[in-house]
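Here is a short briefing to read with the model open beside you. Take a look around first, then work through the notes by topic.

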Amino acid sequence: MSENGQDKKSDFRYATGDAEVPWAAIGEHIWHEDLMGLVRLLVRERDGAEGFEAAMGRVEEVLEALCACGRPASKLSLGDTVKRLEEEVASFLGCRYACFITNATAGFQIGHQFADLGPDDEVILPAITFIATAAYPPLVGAKCVFADVDPRTMNMDPEDVARKVTDRTKVIMPVHIGGYPVEMDPIMEIAEERGIIVIEDAAHAFGGKYKGKMIGTVGHFGSFSFHEVKNITSFGEGGIVCTDTDFGEHFNQARFCGVDMSQQIENWLYDVVALPTTTGNPQMPGNHSSTEIQAACLLGQMGRLEEIIRIRRARAEYLNERLEGVPGLITPPLDSEGIESTFHLYLLQVEPEELGADIRVFKQRLTEKGVTNIPHFAPLYHFKIFEQLGYDTDAIAESCPNAEEAFWHRFTHLPLYPLAHEQVERMADLVIETAEEISGG
Ligand SMILES: Cc1ncc(COP(=O)(O)O)c(C=O)c1O
């Protein structure tokens, strides 16, 4: 920018140079009281804890002193921290583009928009997942086609995808349930043969690997969740969408109503152009912007991701060791050559005939003994909304026998999140005790 800020390009980033009256692009400053509100939200008083208020008083004093001699943040949304996070994530994933957004669901939307998903198109997704996987297609009049699951992993079964693919299939969405990688090779083969876009729902799988490649980078797009229940979070909400395709050049636009804040503009005039798509049809993007505060949290958590996954893996290995061979119980597959789970969830299954009861009875007994009863994923077509949208849900259920059998009779998830080792031991004891009581073993 020139001395008077008139005749050079601006970078959108409020760099008004030494203009006497700068554009007040930053709104109200953050005061130390606001920071205290954040501290009080993030660190709550433990029942019966001593010294909490005194410690808070000291924090407040320090924050006040810090604010008096520090400078307020010059940017709270889409600033340098978001940029640094995206560079670190792209390097960690080994992909060309990563874009920090509001949540994984927004990343699915961005992928679908590049695929130009519209009325009468079909999207194949697994029967068992969270509803967010299916949120976008009905918004634009596209149809969700539910693929059955692999009974060993609860992930999308590529053979059923092959049976259900049609000329209208525009997108396939494999979901790495619990962080365990989907068998991607056959899905990519189908997609390549037919020019279908693959959007990986990697909501549970930041840091996992499939055949040595990071999960989320095998398909055309991958979208990760940093919601508070995931194994890594950005203060409760957040997502990353990544790609190796040239569409990544337009991620900034796709995130913020078509405006690319990283571009230079002339004389404060800017234009908005439609997103490019696989078909050439224009698409209008939404607003999925993320904050510097969320990015700072995620950068911090990324620094210990390896350790987070290591602890979860050790817990899953311990549970497998204890539960393997117990009549009526089936343990999940763990890591193998090139396959690395994030262990977001521990998948436990029962063999109803051997156990003498199905999962519902098992879960009920386990809850009575004090082990958290995790609500497990229902096949999406059982939700009322699909009937309301006119889907023949009985016919779909019939076409997904593994998902039906698993949901009603076989599978659940046990918690692996930061439990003390004694709690994991206790959980294993109670799972075994419950199985033995039911089977009379
Ligand atoms: C399998 C799956 N996909 C997608 C999502 C949505 O993630 P987000 O809340 O970041 O949009 C979730 C969230 O729990 C999920 O479990």
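The notes below cover the domains, the ligand shell, the strands and a few individual residues.

This is a predicted model, in which local features need pLDDT of at least 70 and side-chain atom pairs count only at pLDDT 80 or more, while totals for chains, interfaces and linings use all residues. Residues are numbered from 1 along each chain as its sequence is written. The protein chain is divided into domain 1 (32-69), domain 2 (80-302) and domain 3 (305-439), with bounds that come from an automatic or database domain assignment.

- The centres of domain 1 and domain 3, taken over C-alpha atoms, are separated by 40 Å.
- Helices (H or I, at least four residues) and strands (E, at least two) are DSSP runs, numbered from the N terminus.
- Helix α2 covers residues 52-69, and its end C-alpha atoms lie 26 Å apart, in agreement with the 26 Å that its 18 residues should span at 1.5 Å a residue; the expected span is 1.5 Å times one less than the number of residues.
- The number of buried residues among the 18 of α2 is zero, so this helix lies largely in the open. Here a residue is buried if 20 or more other C-beta atoms lie within 10 Å of its own, exposed if 12 or fewer, and partly exposed in between, with C-beta atoms placed from the backbone.

**Around the ligand**

- The ligand is surrounded by 14 residues, and the closest are Asn103, Thr105, Phe130, Ala203 and Ser225. To be near, a residue needs its C-beta atom, placed from the backbone, within 6 Å of the molecule.
- Five residues of this shell are nonpolar, eight are polar and one is charged. Ala, Val, Leu, Ile, Met, Phe, Trp, Tyr, Cys and Pro count as nonpolar, Asp, Glu, Lys and Arg as charged, and the others, Gly among them, as polar.

**The seven-stranded sheet**

- Seven strands form an open sheet with mixed pairing, in the order β1-β9-β8-β5-β4-β2-β3.
- β1 (97-101) and β3 (143-147) are at the edges with a single partner strand each, so one side of each has no neighbour in the sheet.
- Strands β4 (residues 169-172) and β5 (residues 197-201) pair in the parallel sense over two bridges; strands pair if DSSP finds at least two bridges between them.
- Valine 171 has isoleucine 197 in β5 as its bridge partner.

- All of β11 (residues 346-350) is buried, five of five residues, so the strand is largely enclosed by the rest of the structure.
- Tyr346, Leu348 and Val350 point one way from β11, while Leu347 and Gln349 point the other way.
- Strand β10 (residues 329-330) runs antiparallel to β11 and is joined to it by two bridges; leucine 329 has valine 350 as its bridge partner.
- Strand β12 (residues 411-414) pairs with β11 in the antiparallel sense over four bridges, and glutamine 349 stands opposite phenylalanine 411.

**Residues worth a look**

- Methionine 154, in the loop between β3 and α6 (158-164), has a positive phi of about 70 degrees although it is not a glycine. Methionine 154 is buried, with 29 other C-beta atoms within 10 Å.
- Cysteine 257, in the loop between α8 (251-255) and α9, also has a positive phi, near 50 degrees. Cysteine 257 is partly exposed, with 13 other C-beta atoms within 10 Å.
- Alanine 295 sits in helix α9 (residues 292-302) and counts as buried, with 26 C-beta neighbours inside 10 Å.
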